[in-house]
Amino acid sequence: MFTLKSNRTHWLKLALLLVPFIWCTPLKADTPDAFAYPPELEPDVRFWIRVYTEVTTDGGLLHDDWYLGLVYEALRFDPSDSPRQRERIVEQAKARYAALLRRFAAGDTENLTPHERRILHAFGDKTTPAGYRDAIERIRFQLGQADRFHEGLMRAQAYEAAISRVLADRGVPTEIGALPHVESSFNPAAYSRVGAAGLWQFMPGTARRYMRVDGVVDQRLDPFTATEAAANLMLYNYRLLGSWPLAVTAYNHGPGGLKRAQDELGTNNIAVIVKHYQGATFGFASRNFYVAFLAALEVDRNAEKYFGPLTHLPETQSTVVILPDYVAVDALARAFKADLGALRVLNPALRPPVWNKTRLVPRGYELRIPGSPPAADIAAAWARLPPAERFVAQRNDGAHRVRRGETLASISAASGVTLNRLLAANSLSAARELARGEVVRIPLPASRADGSAAGVAAAAAATAAVTPPPAEPLPAADAATPAPPAEVAAAPALALARQPPPPKEPVSQQQAMSTALLPAAAPSGNGDNTDYSVGADNTVIVQAAETLGHLADWSKVSSASLRALNKLHKNAMVTLGHKVKLDLSQVSAAQFEAARRDYHRQLQESFFATHRISGTENYVVKKGESLWIIAQQHADLPVWLVAEYNPDVDFGDVRPGATIALPRVEAINRQ
């Protein structure tokens, strides 16, 4: 049976034993302390370095999905091979090595080829027949990424200076600036099939905590705004977990999951957690996220060693102008004498409805224009916009509920809106059939704005510093990007148990949707990592914004019955941190949890529809202050958000002089 301890030396030398034609050199000795890693992780880092530098997307590595140092073979495809042909090649290779491992399990180790003998030697003398059979189910294919990583290095030059500044300004290690290599290959327009988007691959729910994400503006696609959001999220992860390696891992797995790993194993050691944590959702992607990041950091720092001289792309300057009114994008292009295509490249956060004229560029939007014109020219450009092209409100849609027999064409004719505009407003095709009761948005005209001198002055005053934009045209926002390998359940760390067969791994760039791993996503999908589960004894810990009435409603029982069950006086209140026994005679624990999560989801979505987190500050508690008082003293700061940023603080017994974290919250306009 495999054990980490007895077989460690075998895994360290496996790359040389099994694939001697691939050259490896020692990793840099000056890895920053924040990202130092124990020797147990070195074979895993080596594996991802090979994936990033030695094998392109026309090939890949057949390997053990737990012991990454065990690489059976480097497969190469003909570029003309179809995905089905590639899958057949991979399955045939897996079958060959499965047959070999069955031979080993049966004790048949005679008449082996040199390559087969190297594999046998790599397993070690203590491997049992069951160990060989278990290894069959761990044979996995990893698509190569060398060509995509090289492209990412070229794209990164347009952003790396700005990313380093943002991270340094917020106290985040600048090494984390290499993470977009893992997430998106530095493609700002990257989308995953589970909904993550942009350079940093934010999921929508998490992103809305830090930036605007809606049908008009999706700041996940703006590399500069998204970098600020990533820095704030990393700081949140670090505060909860106390370790940068865990904060990086939480970027993929969610801080709640990593906090459970810490508590279960009683350690912050990333190697122990990676090798031993058995969380249900802590699969291949989560286990490998940190080592893949370390590999990307190594390659990024030594790019010319791995890829030779790189062609440096020129940096184009742009200027940020904060708009005082709502304006159509074509009107802005005329006013600033800018090419509409250039504006689209510089402003990837603006969604299709803006470009197809069904929506206006919103007031307060930080518009990037080419070059670095002086403030006087900005004011003159704004003055060229006639009052009739400036608006005080966004173009809003009327809502029409489809009746029996109605079609898009008939609704278009009845509303006086052209069919093309109706299709664009609803992101529909002309062939789409409508269902009875479906709601169709009908574009309505907007209100005109007052083209006052104050508006002209505001536009000039809002001119921001020059920053480098993307150095190349971005792909269409809805273009598919390569997909991640499928995540499989983590095998036990010491005695690896038999697992179900993993889903098929991507075998081509067209099948992949991120550089190597799954996109970042907290398990809750909305950035909330609070534990809303019901305990084994049918108890829950009361969270912020919950009352006994909520608990009773979700349980479908009366508040009086819960009071009686918990021996509470009729006037007693339950508060944050209070343990309450539930009556689950009417609903299951799963149904209660679903209703509870839905309540908090709606509460948070409502708040983040008009607010965003812009940073964090430390606050020293004063005498007589409670959580409620602290929240009331800070405008727009709900109690539940303060509690979320301080999960280890007992707010029922917080002492004067204690330091807590307060998120800085800003009101934003989402029209």
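Hi everyone. Before I start, keep in mind that this is a predicted model.

Let's begin with helix H12, which covers residues 244–253. Is H12 buried or exposed? Well, 10 of its 10 residues are buried, so the helix is largely enclosed by the rest of the structure. If you want to click through them, the buried residues include Trp 244 at one end and His 253 at the other, with Pro 245, Thr 249 and Asn 252 also among them.

So what do those buried residues pack against? Their partners are helices H9 (179–183), H11 (223–241), H13 (255–265), H14 (270–276) and H15 (284–301).

Now have a look at the two ends. At the start of H12, Ser 243 has a side-chain oxygen that comes within 3.3 Å of the backbone nitrogen of Leu 246. Just after the helix, Gly 254 has a positive phi of about 95°.

Next, aromatic rings. A pair of rings is described by how far apart the centres are and by the angle of the planes. The whole structure has 22 aromatic pairs.

Another edge-to-face pair is Tyr 277 with Phe 282, at 5.2 Å centre to centre and 65° between the planes. Tyr 277 counts as buried at 5% relative accessibility, and Phe 282 does at 1%.

There's also an aromatic cluster, made up of Phe 47, Trp 48, Tyr 52, Phe 149, Phe 284 and Phe 307.

Last stop: the second largest pocket, with a volume of about 770 Å³. It is lined by 37 residues, and the closest to its centre are Asn 529, Thr 530, Asp 531, Gln 543 and Pro 647. Elements giving two or more residues to the lining include H11, strand S9 (539–541) and helix H26 (589–608). Which element gives the largest share? That's H13, with 5 residues. By type, the lining splits into 15 nonpolar, 12 polar and 10 charged residues.

Methods. Residues numbered from 1 in each chain as written. Predicted model: local features only at pLDDT ≥ 70, side-chain atom pairs only at ≥ 80, totals over all residues. Heavy atoms only, no water. Buried < 20%, exposed > 50% of the residue type's maximum accessible area, 1.4 Å probe, protein only. Helix = DSSP H or I, 4+ residues; strand = E, 2+ residues; numbered from the N terminus. Contact = heavy atoms within 4.5 Å. Polar contact = N/O pair within 3.5 Å; in protein donor to acceptor, adjacent residues only side chain to side chain. 1 Å grid on protein atoms, 1.4 Å probe; cavity = no way out; pocket = protein on both sides within 12 Å on 5 of 7 lines; lining within 4 Å. Points joined across faces, edges and corners; volume = space filled by probe spheres on them. Nonpolar A, V, L, I, M, F, W, Y, C, P; charged D, E, K, R; others polar. Phe/Tyr/Trp six-rings, centres within 6.5 Å; stacked < 30°, edge-to-face > 60°.
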